[in-house]
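Please have the sequence and the structure at hand.

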Amino acid sequence: MTNAIPSTTGTSATRSGYGPLMKFSLLSISLLLTSSNAISGVMPALIKQFSDQPRANVELLSTVPSFSMIIMIIASGFIARKIGDKATVTAGLVIAAFFGIIPFFFTGNFWVIMGSRIGLGVGFGLINSLAVSMIAKFFSGDEKATLMGFRSAFESLGQSLMTLAAGFLVLLSWNSSFLVYLLAVPILILFVIFVPKEPNAPVTVAADYADSDAAKQSVNGPILLITVFLIAAVTMYIGLTTRLSSVIANSGFGTIQQASTLLSVMTIGGMLMGFAFGFINKTLKAQTLTVGLVALAAGSLVIYFAPNFIVLCIGALIAGVSYPTMISYTFNQISEVCPKGSDTLCTSVVLVGCNLGAFTAPYTLKLVGGSALSQPYLVYGIVLLVIAAAYAAYHLIRKQA
């Protein structure tokens, strides 16, 4: 299947002509995209602050931005066609910075904070699909695949830095942890200065892109399958990270700060795996996803059976490095399996699935949790192993056919 931007003579040279600052500025918007979960490490403090609210409601503060992200991801394509990709991302960054820090100023009203988290998701939703599709618009071939891996790494880096910062800021006060969203300001400055409005490409390449973008877009079976898979995978991983700090604190294994540090180290490991994705994908090919699923299952089960903090950390690190590998693989497959010229629509559909999975994570935790806080880790580990076995069997049968 050809990409939305066909590879033509001279295209690779043109794409690789962009400098490091442009690439960094474009990738930097992905630093924010998973940061709605950055407050997971301070969840015990939030639960204590809002003791009059059910646990599921307070845990929803971590994931509710995904709800408004779903709506804005759908709308962002229309908005981008009206005002342009760059203006849409710029607006998203401004909205994210504004709503992200509102909880710092309004500490007594749970529902004002909930509303601000929904507003944060609006900003992220304007950015989300464009963070992926703009890479496909400006780059192609191996360079695009490499940058997709880097994009995943930047997501992990952003989550790591912001989770770690939130863990330290909570020492000042629980509401200080929301100041981490001020990171949107320097990212906004870099993006406005260094990312051009349109690809600096030959006319023939630009025409090809315009023709494919103008064509009627559609979604096929493989994209729907990827979407369903990511709903399940994201639900389990976000549930894993959302509940981790409470498991650590309630078991007596560690403190809130240690939990935030662990979550940061998990995402640092994920960042390194994102940078290595190009090599991993070339080596493992289709089985990249199988290995990622098995590793995530193993990490979840190790956390469940962990007798102490050290073993729990090992399980968390295994989970942390496996998840970005799975995400990078599936997102890189979008342009390979979607109908020609439908990259934007297919990316949006897949991202809606991701955010739906993130939004429902607290309720899934409640559904499979039972009486023990750690119970979901056992359930998730078993489910992930079943999915891995089914996927591996499918490719084995397909290979033999």
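In the class counts below, Ala, Val, Leu, Ile, Met, Phe, Trp, Tyr, Cys and Pro are nonpolar, Asp, Glu, Lys and Arg are charged, and the others, Gly among them, are polar. The model is predicted. By these classes, the lining of the largest pocket has 12 nonpolar, three polar and one charged residues.

**Largest pocket**

- The volume of the largest pocket is about 550 Å³.
- Its lining consists of 16 residues, and Leu225, Ile226, Tyr391, Tyr394 and His395 lie nearest the centre.
- At least two lining residues come from each of helix H12 (221–251), helix H16 (309–337) and helix H18 (375–400).
- H18 provides the largest share of the lining, six residues.

**Aromatic pairs**

- There are 11 aromatic pairs, counting rings whose centres lie within 6.5 Å.
- Phe104 and Phe105 form an edge-to-face pair, because their ring centres are 5.0 Å apart and their planes stand at 85°.
- Phe104 is partly exposed, at 27% relative accessibility, and Phe105 is exposed, at 56%.
- Tyr237 and Tyr323 are stacked, because their ring centres are 3.9 Å apart and their planes are at 5°.
- This pair links distant parts of the chain, with Tyr237 in helix H12 and Tyr323 in helix H16, 86 residues apart.
- Both Tyr237 and Tyr323 are buried.

**Cluster and charge over a ring**

- One aromatic cluster is formed by Phe50, Phe110, Trp111, Trp174 and Phe178.
- Arg151 has its charged end over the ring of Phe331, 5.2 Å from the ring centre.

Note on methods
Residues are numbered from 1 along each chain as its sequence is written. This is a predicted model: local features need pLDDT of at least 70, side-chain atom pairs count only at pLDDT 80 or more; totals for chains, interfaces and linings use all residues. Side-chain values use heavy atoms; hydrogens and water are left out. On a 1 Å grid over the protein atoms alone, a cavity is a set of points where a 1.4 Å probe fits but cannot get out, and a pocket is an open set with protein on both sides within 12 Å along at least five of seven lines; lining residues have an atom within 4 Å of a point. Grid points are joined across faces, edges and corners, and a volume is the space filled by probe spheres set on the points. Helices (H or I, at least four residues) and strands (E, at least two) are DSSP runs, numbered from the N terminus. Rings of Phe, Tyr and Trp (its six-membered ring) pair if their centres lie within 6.5 Å; planes under 30 degrees apart count as stacked, over 60 as edge-to-face and the rest as tilted. Buried means under 20% relative accessible area, exposed over 50%, partly exposed in between (1.4 Å probe, protein chains only). A charge sits over a ring if NZ of Lys or CZ of Arg is within 6 Å of the ring centre and within 35 degrees of the ring normal.
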